[in-house]
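Hi everyone, thanks for making time this morning. I'd like to walk you through one protein model, so please have a look at the screen.

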Amino acid sequence: MLGIIMFIPLTSLLSAQNNNAKDPRKLVAGISAGYNRGIGISANITPFSLLGDLPFSLRFGAGYSFLNPGNAAEARRIFINNNTNGTPEKKGTSLDIRLDFLINKPLFGISTSSLVFGPRFSTFRGNFKYVGGNEDFDVTSHQFGLGAGFENYFKMNPKMNLVLSWGLDIYAPSRLSGHDTSYSPDNDNINPRANNRNNDILFRYGDANRAIKQPFIMPRIMLGVNFGL
């Protein structure tokens, strides 16, 4: 499925401007905010002169999102112990690094739309705290993925465009680590905890992955601006 997304556009943007691959500006920077499976912000830079007259451009970007990290009670059972005392609090974040290929591709009759696709890398951190229960720990993962989409721009002035975009990134399952325990997709687990609700059978990666909402399918709807430098 990760390979398919490299070739099938799973996102779209509506607007109007010049073909990005032939943009007369040599360097364009952008910032945006919106939804990325949570509140997200991102920044990117496109060096149009880097590839000369090739029919595509490269863009480098990074984003930061605030996510629901998962089920706090299950996270405690799977990564620490079966205690239930304390009031749970949770928060999650993801930092993603992205490389985009931009190719001019008509969409809905708009000839200046651009297909965007490329590899992704994400670092995820979910924090779980149990007030009154003396527990405060993180669950982390590092993942590679792929993303695709369409985008375009509303011209505001010769150097600035309003950008409306939506898209989809998909990340591969990855090792989940928290406290002194970790669970791997191949179940080469370290210090797995026992499930006292199931005859003390050790938890497995599937249990951890259901409890912790690390990046997997990440829909994006962003609004921002870019400007020539």
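**A patch on the surface**

The patch consists of Ile39, Ile41, Tyr64, Phe66, Leu95 and Ile97, which together have about 570 Å² of accessible area. To join a patch, a residue needs over 30% relative accessible area and no salt bridge, and nonpolar side chains (Val, Leu, Ile, Met, Phe, Trp, Tyr) are joined within 5 Å. Areas come from the Shrake-Rupley method with a 1.4 Å probe, and for residues only the protein chains shown count as cover.

A quick word on what you are looking at: this is a predicted model, where local features need pLDDT of at least 70, side-chain atom pairs count only at pLDDT 80 or more, and totals for chains, interfaces and linings use all residues. Residues are numbered from 1 along each chain as its sequence is written, and side-chain values use heavy atoms, leaving out hydrogens and water.

Buried means under 20%, exposed over 50%, and partly exposed in between, with a 1.4 Å probe and protein chains only.

Now let's step back. The protein chain has 2 helices and 12 strands, and 46% of its 229 residues count as buried.

On to the inside. In the largest nonpolar core, with 20 residues, Phe79, Phe128, Phe137 and Ile212 touch the most other members. Helix 1 is the biggest contributor to this core, with 4 residues. Such a core is a set of buried Ala, Val, Leu, Ile, Met, Phe, Trp, Tyr and Cys residues joined through side-chain atoms within 4.5 Å.

Finally, the charges. How many salt bridges does the structure hold? There are 11, each a side-chain nitrogen of Lys or Arg within 4 Å of a carboxyl oxygen of Asp or Glu. One of them joins Arg59 and Asp100 at 3.1 Å, N to O. That pair links strand 3 to strand 4, 41 residues apart, and both Arg59 and Asp100 are buried. Asp96 and Arg98 also pair, at 3.0 Å.

Definitions and conventions. Patch = residues over 30% accessible without salt bridge, like charges linked within 9 Å, V, L, I, M, F, W, Y side chains within 5 Å.
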